[in-house]
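Work through the exercises below with the sequence and the model open. Try each task before reading its solution.

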Amino acid sequence: YKVLGVREGASKAEIEKRFAMILKKHRMQGSTGEPEEGASGINMEEATRAYNLLMGYEEKEPEQAVMRKPNPLFKKLGIDEKKAENFWHYYKFHVLGGILLIIILASTLKSCITRVEPDLNVAFVGEFLFGGTEGFEKLVEGKLGSVRKVGVDSAVFFPGMDGQMEVAMHTKTMVLFAAADVDLFVLDRANFEKFGKQGAFMKLDELSGSLNIGSESARNKTCALKAENDDKEYIYGIDVTDSPIFSESGIEGKEKIAAISIRAKRGDKALELLGLLLE
């Protein structure tokens, strides 16, 4: 206030007006361009500093900062402490954001490196209801010693679903059958018959011994149909609706028919899972 020549507690409008007068006078009388007093007798550097402080454009340094000893670390590294403090003041959020980004990238990279690729892939297609598949995955991984990691995908339908979502699910179903790496499908009756007739599943007749479906009660669970290229009906699926694996993992559905994909890369593990679902 003293430097600008205004009363203490003057309004910003008064400060603006006074500084404009000082600046005008300084320019009219001429200036040497140096921080010392010019022809106006006013030190413009001090006046500008006072103006910035009073207008809130520059924070006033705490008085104790004047008496503070220089940081020996900055001095040893040849870093200007004042510039470092100003940099941190204006860019601290950028620095913190950068550190957070590095942490996220490191975490993502670690998860990619340590990620275990599934050695058995399962897909649910049809009218099913479940909040997640983690329970199913853990149960299967715990009961099948040969399986380290189960991958699960799904294309689920339900009555009254949104038209766009239904189209998206139909598209995803096509992808699961045509291009995805799926070893075993769990389907409702309609989708089993639809894709079974198109030859999407492996014949299970020759594997009946491995699946222990020789008894009459077990044979009642077999699902046979005649595919386009078949001369007669063959077993392509097993009704596993009552499998406790589903009830324990919270997967609901009126019917659940398990079928091994004709494109399965891990047919032996798919057969093991099918046997487990039959228990």
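The model is predicted: local features need pLDDT of at least 70, side-chain atom pairs count only at pLDDT 80 or more, and totals for chains, interfaces and linings use all residues. Residues are numbered from 1 along each chain as its sequence is written, and side-chain values use heavy atoms, with hydrogens and water left out.

**Exercise 1.** Determine the strand order of the open sheet of six strands.

Solution. Strands (E, at least two residues) and helices (H or I, at least four) are DSSP runs, numbered from the N terminus. Two strands pair if DSSP finds at least two bridges between them.
- Step 1: β1 and β3 run parallel and are joined by four bridges. F124 has V186 in β3 as its bridge partner.
- Step 2: β2 (150-156) and β4 (222-225) pair on one side only, as edge strands.

**Exercise 2.** Find the strands that α6 lies across, and those that α7 touches.

Solution. Angles run from 0 to 180 degrees between N-to-C directions, with axes fitted as lines to C-alpha atoms, for helices over the stretch in contact. Contact means heavy atoms within 4.5 Å.
- Step 1: α6 lies across β1 and β2, at about 140° to β2.
- Step 2: α7 (residues 163-178) packs on the sheet and touches β1, β2 and β3; its direction makes about 140° with that of β2.

**Exercise 3.** Describe the largest nonpolar core.

Solution. Such a core is a set of buried Ala, Val, Leu, Ile, Met, Phe, Trp, Tyr and Cys residues joined through side-chain atoms within 4.5 Å.
- Step 1: The core has 28 residues, and V122, F124, F136, L184, F246 and L273 have the most contacts inside it.
- Step 2: Elements that each supply at least two residues include β1 (120-126), α6 (134-143) and α12 (267-278). The largest share, six residues, is from α12.
- Step 3: Beyond four places in sequence, the contacts of V122 include F136, L184 and L273.

**Exercise 4.** Is S249 buried or exposed?

Solution. Buried means under 20% relative accessible area, exposed over 50%, and partly exposed in between (1.4 Å probe, protein chains only).
- Step 1: S249 has a relative accessible area of 12%, so S249 is buried.
- Step 2: S249 lies in helix α11, and its side chain reaches the backbone oxygen of I245 at 2.7 Å.
- Step 3: Not counting residues up to four places away in sequence, S249 touches G135, F136 and L139.

Note on methods:
A polar contact is a pair of N or O atoms within 3.5 Å; within protein, one must be able to donate a hydrogen and the other to accept it, and residues adjacent in sequence count only if both atoms are side-chain atoms.
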